[in-house]
Amino acid sequence: MISKKVQTILIHFLIYSTAISTSWIAFNMCNSYSFLTKLFIANLFGSLLIYLNCIIFDSFSINDPNWTIQSSVYSIYYLIESKNYCFKSIMVFILVNIWSIRLTYNLYSTAVHGIKDEDWRFSDLRPKWKPKIVYFILGFFGILFLPFVLTFFGCIPLYYIFKSSENIEIIECLGLLLMFTGILIEAISDYQLSNEFEMAKKEKRVRFMRKGLWSQSRHPNYFGEILYWFGLFITSKPSLAHNFPIDYLKLSSFVFGPVGIFLMIYFISMPLMEERQLKKKPELYKKYISEVPFKILPLNFLFSKSKSNKKNFKNK
């Protein structure tokens, strides 16, 4: 008999395959628009199909992998459009898809259970956004459309990177390094967190992560995420400057991608996570905040060192 999790993955696969196919058809039908406009409209159609399934199955968790899968899809569209298979384009394409595949795999291996099971971030909103029709209207804008827009703008640098035939420069190398570092930090953070959950389950204790990267920052996974998006932007900057006249609208959209994602993480995702932890484990999490005051930057070793020096000074 097929397990509940496998059934859910198969349904998701069918939903996303249909959404990607619908997007491709829509893209080829919008011939009178520019490439970027066609791409936006086409992927919006696909996202609307995913939204429809969220309503049918009464769960916004169906939309969870949308932004990681979208990024991979955008990279394919941009590379095919450019027909530029130079070293820089291939490196960026590989990094984007490593990031996308790893995050999608992590989601399905840790957070996806049943088709109607909903992540706490969404289920906690249901009592606040009543009745159900209000939940799905507000959810469309807050849960589906906002990440869709941020991902679209965040991926626009791919268009300019793949169009550029210039030799790779130092600033682009810096961007690639930031992307790679961000992917690595996020992967290590997720692995450490997942390992803690498994150990806590085996030892029948409260799961609480404060080791490894989590001893240096309360949200090292988000730090990695932010590094990745800013790295992608930095990799595109020389391409924008060298190959195209300055277009402030396009330039602002480049900034809007990584900055918008940072603001969403800092003012929405992190407060929701911390509020939940303070409700579930108030004493433990308050102690953790006092021990690790850095929300994103993994610099707690500096704080710990200064505290240790103060203690040693007092003891003299």
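Visitor: Why is Asn221 called buried?

Guide: In this predicted model, Asn221 has a relative accessibility of 14%. Buried means under 20%, so Asn221 counts as buried.

Visitor: Where is Asn221, and what is it in contact with?

Guide: Asn221 has its place in helix α8, residues 220–243. Leaving aside neighbours within four places in sequence, Asn221 is in contact with Glu186, Ser189, Asp190 and Trp214.

Visitor: What makes Leu297 partly exposed?

Guide: The relative accessibility of Leu297 is 46%. Exposed means over 50% and buried means under 20%, with partly exposed in between, so Leu297 counts as partly exposed.

Visitor: Which residues does Leu297 touch, and where is it found?

Guide: Leu297 is in the loop between α10 (282–291) and α11 (300–315). Not counting residues up to four places away in sequence, Leu297 touches Gln216, Ser217 and Phe223. As for Asp124, it is 173 residues from Leu297 in sequence and 28 Å from it in space, C-alpha to C-alpha.

Visitor: Why is the pair of Trp129 and Tyr135 called tilted?

Guide: Let's start with the total: the count comes to 33 aromatic pairs. For Trp129 and Tyr135, the ring centres are 6.3 Å apart and the planes are at 45 degrees. Centres within 6.5 Å make a pair, and planes under 30 degrees apart would be stacked, over 60 edge-to-face.

Visitor: Are Trp129 and Tyr135 buried or partly exposed, and how do you know that?

Guide: Trp129 has a relative accessible area of 22%, so it is partly exposed. Tyr135 has 1%, which is under 20%, so Tyr135 is buried.

Visitor: What makes you say that the charged end of Arg207 sits over the ring of Phe197?

Guide: That charged end is 4.0 Å from the ring centre of Phe197. The rule asks for a distance within 6 Å, and also for a position within 35 degrees of the ring normal. Lys295 is another example, lying over the face of Tyr266 at 5.2 Å from the ring centre.

Visitor: How many disulfides does the structure hold, and how do you know that?

Guide: The structure holds zero disulfides. A pair of cysteine sulfur atoms has to be within 2.5 Å. The sulfur of Cys54 is 20 Å from the closest cysteine sulfur, in Cys155, so that is too far for a bond. For Cys173, the closest cysteine sulfur is in Cys86, 12 Å away, also too far for a bond.

Visitor: Is Cys54 buried or exposed?

Guide: Cys54 is buried, because its relative accessible area is 0%. Cys173, at 39%, is partly exposed.

How values were computed:
Residues are numbered from 1 along each chain as its sequence is written. This is a predicted model: local features need pLDDT of at least 70, side-chain atom pairs count only at pLDDT 80 or more; totals for chains, interfaces and linings use all residues. Side-chain values use heavy atoms; hydrogens and water are left out. Buried means under 20% relative accessible area, exposed over 50%, partly exposed in between (1.4 Å probe, protein chains only). Rings of Phe, Tyr and Trp (its six-membered ring) pair if their centres lie within 6.5 Å; planes under 30 degrees apart count as stacked, over 60 as edge-to-face and the rest as tilted. Helices (H or I, at least four residues) and strands (E, at least two) are DSSP runs, numbered from the N terminus. Contact means heavy atoms within 4.5 Å.
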